[in-house]
4 protein chains.
Amino acid sequence: MRDRLCGLLRTFYARGWVSGTGGGICARLTDRELLLAPSAVPKEQVRPRDFFVVDARDGRVLRRPSDRALRPSECNAVFRAVMARREAGSVVHSHALSAVLAGDLADPDGRLSIAGFEMLKGLRGGSNREVHRVPVLENTSEESELAAGVGRALSLPEFEAAHCVLVRDHGAYIWGRDVTETTRHAEVYHFLFDGVVGRRSLRGVNR
Amino acid sequence: MRDRLCGLLRTFYARGWVSGTGGGICARLTDRELLLAPSAVPKEQVRPRDFFVVDARDGRVLRRPSDRALRPSECNAVFRAVMARREAGSVVHSHALSAVLAGDLADPDGRLSIAGFEMLKGLRGGSNREVHRVPVLENTSEESELAAGVGRALSLPEFEAAHCVLVRDHGAYIWGRDVTETTRHAEVYHFLFDGVVGRRSLRGVNR
Amino acid sequence: MRDRLCGLLRTFYARGWVSGTGGGICARLTDRELLLAPSAVPKEQVRPRDFFVVDARDGRVLRRPSDRALRPSECNAVFRAVMARREAGSVVHSHALSAVLAGDLADPDGRLSIAGFEMLKGLRGGSNREVHRVPVLENTSEESELAAGVGRALSLPEFEAAHCVLVRDHGAYIWGRDVTETTRHAEVYHFLFDGVVGRRSLRGVNR
Amino acid sequence: MRDRLCGLLRTFYARGWVSGTGGGICARLTDRELLLAPSAVPKEQVRPRDFFVVDARDGRVLRRPSDRALRPSECNAVFRAVMARREAGSVVHSHALSAVLAGDLADPDGRLSIAGFEMLKGLRGGSNREVHRVPVLENTSEESELAAGVGRALSLPEFEAAHCVLVRDHGAYIWGRDVTETTRHAEVYHFLFDGVVGRRSLRGVNR
């Protein structure tokens with residue numbers, strides 16, 4: 001699992017999703033334990049032994065990497081807020097520019113509506129016939145302060161089909177039942193972010 | 001042939017044409033048999049032994065991969081609809097965003113007209129002096145429902161020079177006499193999709 | 001030299017400059033002989049033994065590759081038209097979309113004016129203080145018909161600083177004294193094509 | 001250190017930051033000595049033995065590479081102007097197009113204001129709550145003439161949080177306390193350049 005997460009971080013880095021040491025990843029190790037990437041290090045250089053094991057309920061660090069300079073990812077609280085409300089075996093946090101630009105297109109109520117993309121079928125339960133709604137939260141000073149807002153958004157019925165939360169100016173949290181589904185959802189959502197931004201650009205031109 | 005198709009899928013994936021498990025590929029094995037990629041799996045991870053062999057006339061599965069979890073590509077019916085009307089030895093299905101955006105530029109009659117590109121000469125029979133017309137179909141809930149529309153479009157004289165069908169919100173089906181020509185046509189059409197989208201953007205600016 | 005040209009073709013392909021079998025390359029072997037890539041084959045797959053040796057004065061084939069299916073590049077006449085008027089040891093032909101879009105920005109007299117880029121200093125004799133003018137020719141049905149127009153353009157004093165000819169809807173011919181300079185000029189011009197297109201897009205927005 | 005700088009140059013080249021032999025890098029070897037890349041050579045081909053060692057105070061060459069054709073980078077004076085006013089262990093010079101386009105967005109007083117990006121926290125001392133100001137200088141004929149302007153800009157209190165100077169039409173100088181921080185700052189600033197340009201494009205469309 002650790003090897004796999006490191007491989008994903010390198011892939012995500014190559015796509016510009018976790019640049020500048022940003023972004024993060026976690027995955028369930030057991031019902032009670034999460035593997036969590038370290039904070040503030042180049043994500044493409046994370047090694048299997050650099051992960052923290054944290055308590056899935058309260059985020060407490062259960063086992064630390066031997067490199068004592070490492071700190072657990074700031075995503076800790078948000079990742080657990082997602083897992084508390086969704087059947088999520090893994091969550092990734094992307095800092096992709098396309099996620100930021102897609103967040104700029106949110107409506108005033110903090111909602112990005114995505115429709116008219118076959119790619120929506122790449123989401124579990126997704127359909128190319130419905131409007132898919134993703135919550136878009138305001139950014140906060142500290143990442144840990146986002147957790148409450150993420151929890152509230154995921155309690156709203158209108159977002160029950162979402163496997164993603166966008167944070168304005170910041171990026172996206174994307175999850176799936178396991179690492180395989182999370183990876184697919186991450187590809188799908190980044191395609192959709194590019195899609196809504198690309199369409200908005202062309203629509204402006206076509207007016 | 002199986003190795004080659006797997007290599008192409010990896011190349012297409014690297015270009016963003018088959019992300020999120022989308023897209024597909026098939027090729028004639030014999031007059032009566034088609035090799036068909038599996039559905040709903042990451043296309044860049046398809047192995048030579050994962051292909052189905054299906055009947056070229058009715059799409060019936062003749063030989064399955066040993067991995068019983070695999071299902072044949074949803075493209076099955078569309079691929080055969082193409083082959084029934086064109087001398088096609090291979091068909092690829094792309095989910096590239098550029099194909100979706102190019103589809104958005106279709107005229108109300110469901111036609112994308114491409115002209116003013118030397119690259120058109122990269123299509124068999126293509127010329128940089130003519131308007132090249134590609135049919136653009138409306139998307140359907142299920143991919144298999146597209147087959148009838150593909151067949152009708154390819155019966156129309158105005159599309160007789162087309163080696164591609166676009167599906168709105170969805171992507172493109174592209175073919176050639178053999179895998180080599182299909183690969184070249186795929187490169188050419190994706191260049192043309194980027195080209196019409198890029199020109200539309202600049203034209204908007206220049207008004 | 002043959003190895004080096006093959007390596008460059010692979011690099012150019014990876015950048016989208018010679019996709020769909022388009023584009024080409026040549027280099028002086030001796031005062032009287034040119035190495036010329038084959039036509040209508042995937043440029044990224046050209047092998048050292050696939051090159052033609054042609055007469056630098058009249059383009060006559062002096063030595064053919066053993067693969068008798070290969071034909072000499074259509075660029076033959078244009079490459080020699082460049083070499084007749086410039087001290088060029090190598091010429092590349094790019095089919096990059098950025099070259100096509102930059103050609104769209106030509107003024108009605110067939111001229112692209114580029115200024116305000118430090119990158120202009122990457123051209124031999126280039127300066128970031130002057131307006132650099134590149135001729136933009138109308139496209140023709142056959143590539144060989146371009147040679148006369150290229151020769152005329154390169155005789156005009158206003159284009160004496162140009163190491164490039166653009167062809168509308170088609171691409172660019174770029175050269176240098178030797179392969180090293182040609183490669184640098186190719187990088188510089190493609191940066192400039194992207195630059196004028198990117199600036200035009202933003203300028204439209206800023207009006 | 002030399003190996004590491006060569007690796008970074010290859011990485012920067014792959015991203016389009018040092019194309020056409022442009023760009024450069026330096027790093028402190030000791031308090032009194034700087035490692036400086038050579039000028040006017042393809043940056044992706046620089047080898048560990050190609051670096052100059054120059055005096056950190058006056059830029060005098062202390063040790064030259066054995067290849068006598070090499071000349072020290074034109075960035076010499078600018079790099080030292082940065083190091084004289086900032087605690088910088090390394091400086092990179094980028095020729096990225098995104099840096100040029102971001103420079104185009106400067107206000108008339110020569111200032112680029114960046115706000116509303118979580119990525120700002122990737123800068124030492126950075127915050128997602130403040131407006132980050134980067135000086136934008138006018139370009140000069142010779143790179144060495146930029147040094148005085150860089151020194152003046154970095155003396156202004158309004159730019160005290162900047163780890164970057166932009167030069168119009170040209171590119172960016174970016175630094176950090178050591179090579180690791182410089183690399184992170186380079187990633188962050190290029191993300192921000194893409195970000196302000198991307199947002200300006202969409203804002204134009206949304207008017």
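A: The side chains of C:D104 and B:R199 meet in a salt bridge, with N and O 2.8 Å apart; the term means a side-chain nitrogen of Lys or Arg within 4 Å of a carboxyl oxygen of Asp or Glu. Side chains of opposite charge can pair when their charged atoms come close. The model is predicted, so that local features need pLDDT of at least 70 and side-chain atom pairs count only at pLDDT 80 or more, while totals for chains, interfaces and linings use all residues. Residues are numbered from 1 along each chain as its sequence is written, chains are lettered from A and ligands numbered from 1 in the order in which they are written, and side-chain values use heavy atoms, with hydrogens and water left out.

Across the interface of chain B and chain C there are two salt bridges. The side of chain B that touches chain C has six nonpolar, five polar and nine charged residues. In this classification, Ala, Val, Leu, Ile, Met, Phe, Trp, Tyr, Cys and Pro are nonpolar, Asp, Glu, Lys and Arg are charged, and the others, Gly among them, are polar. Chain B brings 20 residues to the contact and chain C brings 24, contact being defined as heavy atoms within 4.5 Å. About 1,800 Å² is buried between chain B and chain C, and carbon and sulfur atoms give 52% of it. Buried area is the accessible area (1.4 Å probe) that two parts lose on being put together, summed over both. The interface of chain B and chain C also holds 12 residue pairs in polar contact, both residues at pLDDT 80 or more. A polar contact is a pair of N or O atoms within 3.5 Å; within protein, one must be able to donate a hydrogen and the other to accept it, and residues adjacent in sequence count only if both atoms are side-chain atoms.

Next comes the fold of chain C. Helices (H or I, at least four residues) and strands (E, at least two) are DSSP runs, numbered from the N terminus. Helix α3 (residues 97–104) of chain C lies across β6, β7, β8 (164–167) and β9 of chain C and runs at about 105 degrees to β9(C). Axes are lines fitted to C-alpha atoms, for helices over the stretch in contact, and angles run from 0 to 180 degrees between N-to-C directions.

In chain C, nine strands form an open sheet with mixed pairing, in the order β4-β3-β2-β1-β5-β9-β8-β7-β6. Two strands pair if DSSP finds at least two bridges between them. The edges of the sheet are β4 (61–63) and β6 (111–114) of chain C; each has a single partner strand, so one side of each is left without a neighbour in the sheet. From one strand to the next, the twist averages 25 degrees. Four bridges join β6(C) to strand β7 (residues 132–137) of chain C in the antiparallel sense, and C:S113 stands opposite C:R133 in β7(C). Helix α2 (residues 76–85) of chain C also packs on the sheet, touching β1 (24–28), β2 (33–36), β3 (52–55), β5 (90–94) and β9 (171–176) of chain C, and its direction makes about 135 degrees with that of β5(C). In the loop between α1 (2–14) and β1 of chain C lies C:T21. The phi of C:T21 is near 70 degrees, a positive value in a residue other than glycine.

Chain D and chain A form another interface, to which chain D gives 21 residues and chain A gives 24. Chain D and chain A bury about 1,800 Å² between them, 52% of it on carbon and sulfur atoms. The count between chain D and chain A is two salt bridges. One salt bridge joins A:D169 and D:R199, whose closest N and O atoms are 2.7 Å apart. The side of chain D that touches chain A has six nonpolar, six polar and nine charged residues. A:D169 is found in the loop between β8 and β9 of chain A, and its phi is near 70 degrees, a positive value in a residue other than glycine.

Finally, some chains do not meet. No contact joins chain A and chain C, whose closest C-alpha atoms lie 10 Å apart. Chain B and chain D do not touch either, their nearest C-alpha atoms being 10 Å apart.
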